[in-house]
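This report is meant for a reader who has not seen this structure before. Please look over the sequence and the structure shown here first.

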Amino acid sequence: MLMSVAAIVLGLAVLVWSADRFVDGASATARYAGMPPLLIGMVIVGFGTSAPEIVVSVISSLEGNPGLALGNAYGSNIANIGLILGITALISPIAVHSQVLRKELPILLMITLLSLSLLWNGMLARTDAMMLLVVFVLLMAWSIRQGLQSGKDSLAAEHEKELDENLMSLKMAIFWLVAGLILLIVSSRFLVWGAVNVAQAFGVSDLIIGLTIVAIGTSLPELASSIAAIRKNEHDLALGNVIGSNLFNTLAVVGLAGVIHPLEVMPEVITRDFVVMIVLTLSVFVLGFGLKGRQGRINRLEGAFLLAVYVAYSGWLASSVISA
């Protein structure tokens with residue numbers, strides 16, 4: 001048991017650290033290749049911050065732990081909005097200026113509802129997973145188009161500022177790109193092994209472990225980057241990190257896991273986890289999009305609401321474990 005807990009702690013620590021190095025290396029390498037800042041932010045950084053979820057879910061699916069794969073993806077989505085945006089908005093209200101983000105918010109809501117429809121029958125078949133990946137490819141094509149056309153968007157300016165502050169040589173960029181990816185894979189393997197062992201020892205489903213410990217751990221890169229962005233007054237970047245990560249999680253993470261191994265969806269995923277995820281996604285859509293002429297904004301009171309929903313959800317999970 002001690003070895004399993006140590007594997008979780010060490011795995012999460014290395015996972016978070018290596019994800020940060022991987023994102024820095026990938027972003028710098030892309031800039032040397034001449035990619036526009038907005039494109040780097042939407043595609044490279046979006047993929048990089050979701051890399052922990054992708055690797056953990058793929059390994060879980062390969063080893064026959066579908067609950068851990070689904071729990072990691074959807075638990076991270078819930079943590080990204082409830083925990084991360086909630087804490088970030090409490091530190092400083094988040095104002096939304098970017099037109100790109102205003103286009104991404106309804107897309108995130110529609111994709112969340114699409115995922116629900118695919119899981120409704122209690123199974124994510126390979127054909128369903130392939131559909132998610134096809135939508136993901138189409139979304140990436142749209143993102144590339146936005147990145148090439150929206151050079152004056154406020155989100156592009158904030159990404160360019162971040163890139164200027166994290167300059168590194170091409171040699172170092174490639175080194176961290178490769179080393180970060182290798183460490184991501186190795187640390188994820190330790191994390192999955194430890195999480196499954198702990199779940200079995202305590203008689204807790206791997207879904208619960210994925211929704212809690214693993215989901216929070218793999219969401220730490222988004223938490224760190226969002227808090228850093230809001231302290232620099234980069235509001236769009238703070239929200240963009242969360243939206244991009246949730247899009248990648250819902251489509252790429254679940255899609256890849258389902259293609260590798262069809263996923264059986266337990267009823268509580270629909271009646272509990274998806275309900276909370278939709279409530280939070282709808283809330284951030286209404287607040288961030290800004291309806292009836294209102295500028296998109298998440299103030300401290302609204303941030304407290306998002307955080308309260310996450311705390312209540314965590315209590316719900318805890319009570320389900322105790323009563324089991």
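The model is a predicted one. Its largest nonpolar core has 69 residues. Within this core, the residues with the most contacts are Tyr74, Leu85, Leu124, Leu239, Phe274 and Ile298. Helices H2, H3, H4, H5, H8, H9, H10 and H11 each give two or more residues to the core, and H9 gives the most, with 12 residues.

Leaving aside residues up to four places away in sequence, Tyr74 touches Ser115, Leu119, Leu211, Val254, Val269, Phe274 and Met277.

How do H3 and H11 meet, and at what angle do their axes cross? The axes come within 7 Å and cross at roughly 145°, and the crossing is left-handed. On the H3 side the residues in contact include Ile78, Leu85 and Ile91; on the H11 side they include Arg300, Leu307 and Tyr313. The table sorts the residues of this contact by class.

| Class in the H3 and H11 contact | Number |
|---|---|
| nonpolar | 14 residues |
| polar | 3 residues |

Leu282 belongs to helix H10, residues 267-289. Is Leu282 buried, partly exposed or exposed? Its relative accessible area is 41%, so Leu282 counts as partly exposed, a class that lies between under 20% and over 50%. Leu282 and Leu108 are 174 residues apart in sequence, and their C-alpha atoms are 9.3 Å apart in space.

Key
Residues are numbered from 1 along each chain as its sequence is written. This is a predicted model: local features need pLDDT of at least 70, side-chain atom pairs count only at pLDDT 80 or more; totals for chains, interfaces and linings use all residues. Side-chain values use heavy atoms; hydrogens and water are left out. Axes are lines fitted to C-alpha atoms, for helices over the stretch in contact, and angles run from 0 to 180 degrees between N-to-C directions. Helices (H or I, at least four residues) and strands (E, at least two) are DSSP runs, numbered from the N terminus. A crossing is left-handed if the near helix is turned anticlockwise from the far one by less than a right angle, and right-handed if clockwise. Contact means heavy atoms within 4.5 Å. Ala, Val, Leu, Ile, Met, Phe, Trp, Tyr, Cys and Pro count as nonpolar, Asp, Glu, Lys and Arg as charged, and the others, Gly among them, as polar. Buried means under 20% relative accessible area, exposed over 50%, partly exposed in between (1.4 Å probe, protein chains only). A nonpolar core is a set of buried Ala, Val, Leu, Ile, Met, Phe, Trp, Tyr and Cys residues joined through side-chain atoms within 4.5 Å.
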